[in-house]
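Here's a quick briefing for anyone meeting this structure for the first time. Have a look at it, then read on.

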Protein chains: 2
Amino acid sequence: MSTAEETAGGEPQPWGEVSPDAARRLLVAAVEAFAERGYHATTTRDIAGRAGMSPAALYIHYKTKEELLHRISRIGHEKALDVLRSAADSEGTPADRLAEAVRSFVRWHAGQHTVARVVQYELDALGPDARAEIVALRRQNDAAVRGIIEDGVAAGDFDVPDVKGTTVAVLSLCIDVARWFNVNGPRTPDEVGALYADLVLRMVGATQ
Amino acid sequence: MSTAEETAGGEPQPWGEVSPDAARRLLVAAVEAFAERGYHATTTRDIAGRAGMSPAALYIHYKTKEELLHRISRIGHEKALDVLRSAADSEGTPADRLAEAVRSFVRWHAGQHTVARVVQYELDALGPDARAEIVALRRQNDAAVRGIIEDGVAAGDFDVPDVKGTTVAVLSLCIDVARWFNVNGPRTPDEVGALYADLVLRMVGATQ
DNA sequence: GCCGAGGGTGAGCGAGCGCTTAGAGTGCCC
DNA sequence: GGGCACTCTAAGCGCTCGCTCACCCTCGGC
């Protein structure tokens with residue numbers, strides 16, 4: 001029914017580029033396990049078991065458990081940044097672009113909330129070099145959102161007294177969706193995205 | 001509801017009721033360690049060391065490492081709930097009450113961001129019974145905020161198409177402050193509180 | 001001076017951790 | 001068929017974890 005690239009919700013699975021197959025299965029298993037129990041509470045035996053392999057098999061494809069987290073974090077951040085940027089760079093008024101950015105970014109964090117949780121909340125488990133690389137990706141998120149808001153202010157479409165602070169708040173609001181979103185809850189990722197796009201337009205005082 | 005002891009920053013220290021002294025020192029040490037490295041990455045040797053004691057001393061005052069986390073979570077949630085409720089129950093228009101609730105709740109999450117991080121992000125490390133107790137406290141947060149928003153809608157002061165969704169978003173925004181707030185950053189807890197109070201009033205469409 | 005109680009320690013137990021190693025199974029090229 | 005490269009496993013190493021235990025120190029009551 002669905003291809004390897006698509007879930008039922010229509011969100012792209014970010015692991016298409018990972019090969020060989022065994023390495024991808026280990027990565028997917030690690031995402032599940034890290035999201036459920038946290039990086040430090042997850043054992044390499046658990047990851048290998050979920051992937052249907054022996055504990056030693058993990059070390060054929062990854063040097064350490066931390067390398068798994070690093071790979072997940074980098075790919076996850078890049079995919080989320082892609083989603084955000086393609087909305088930020090689209091045609092339309094600043095309000096259109098901001099609404100679309102929030103809608104798609106939130107949809108990603110809700111639909112891919114397992115990946116997002118790992119990516120957002122396990123950063124401190126990475127070593128200094130890997131962490132620095134991820135932090136740089138995050139700053140690009142910030143720049144993308146701030147750019148739209150600045151455009152809106154310059155065009156006179158937004159009323160934002162504190163652009164930097166509002167940027168932080170908007171991103172924080174979107175990212176935290178990964179923490180509370182529940183697949184069995186009453187809302188679909190699309191619905192949360194629509195709600196949040198409206199709330200954010202209010203936050204920036206967009207002229208209706 | 002305690003009229004608590006105050007630090008220089010004006011935020012109440014939540015641990016006044018914990019005694020004897022050694023038990024309180026261990027609790028404070030555990031909060032620092034859990035906030036820095038996470039529950040699972042923190043060792044009992046580290047906690048005891050920060051409190052200036054031997055590893056075995058921890059077990060005179062607490063049955064397990066998890067009991068420490070449970071105590072921290074319960075006290076932390078109760079203090080945050082106190083802060084939120086005293087604003088929610090105050091006199092004034094719904095807009096005044098909502099602004100004050102957000103301002104003080106955000107101030108708490110920024111000023112006490114070590115406690116708040118532990119309380120918000122280590123919930124899954126608790127066993128089922130302890131977790132259920134904490135989840136019940138969280139629902140009271142939700143009820144307090146939703147109450148103010150409903151009052152505002154009933155009074156015609158707010159324009160909120162989706163009360164439940166907006167409540168979740170407001171609380172999420174406030175709580176996530178604990179994740180990104182940095183003591184060495186450019187903003188004080190008071191400033192973030194003021195910014196967020198304004199943003200939330202916009203989110204609910206408060207008549208200015 | 002002696003006692004009991006309670007807070008504290010040094011040493012260490014059993015368990016489970018991340019990771020390694022020796023070797024087996026499998027497919028491919030000659 | 002034989003050699004090689006690659007993938008994977010069974011077994012287990014060295015280590016650190018949460019936690020325990022036997023014992024010690026301090027102090028108030030008599």
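**Around the DNA**

Sorted by class, the surface near DNA strand C (near: a heavy atom within 4 Å) has seven nonpolar, six polar and three charged residues. Keep in mind that this is a predicted model, where local features need pLDDT of at least 70, side-chain atom pairs count only at pLDDT 80 or more, and totals for chains, interfaces and linings use all residues. Residues are numbered from 1 along each chain as written, chains are lettered from A and ligands numbered from 1 in written order, and side-chain values use heavy atoms, leaving out hydrogens and water.

**Where chains A and B meet**
- The contact (heavy atoms within 4.5 Å) takes 30 residues from chain B and 30 residues from chain A.
- There are four salt bridges between chain B and chain A (a side-chain nitrogen of Lys or Arg within 4 Å of a carboxyl oxygen of Asp or Glu).
- One salt bridge joins the side chains of A:Asp159 and B:Arg202, at 3.4 Å from N to O.

Definitions and conventions
Nonpolar A, V, L, I, M, F, W, Y, C, P; charged D, E, K, R; others polar.
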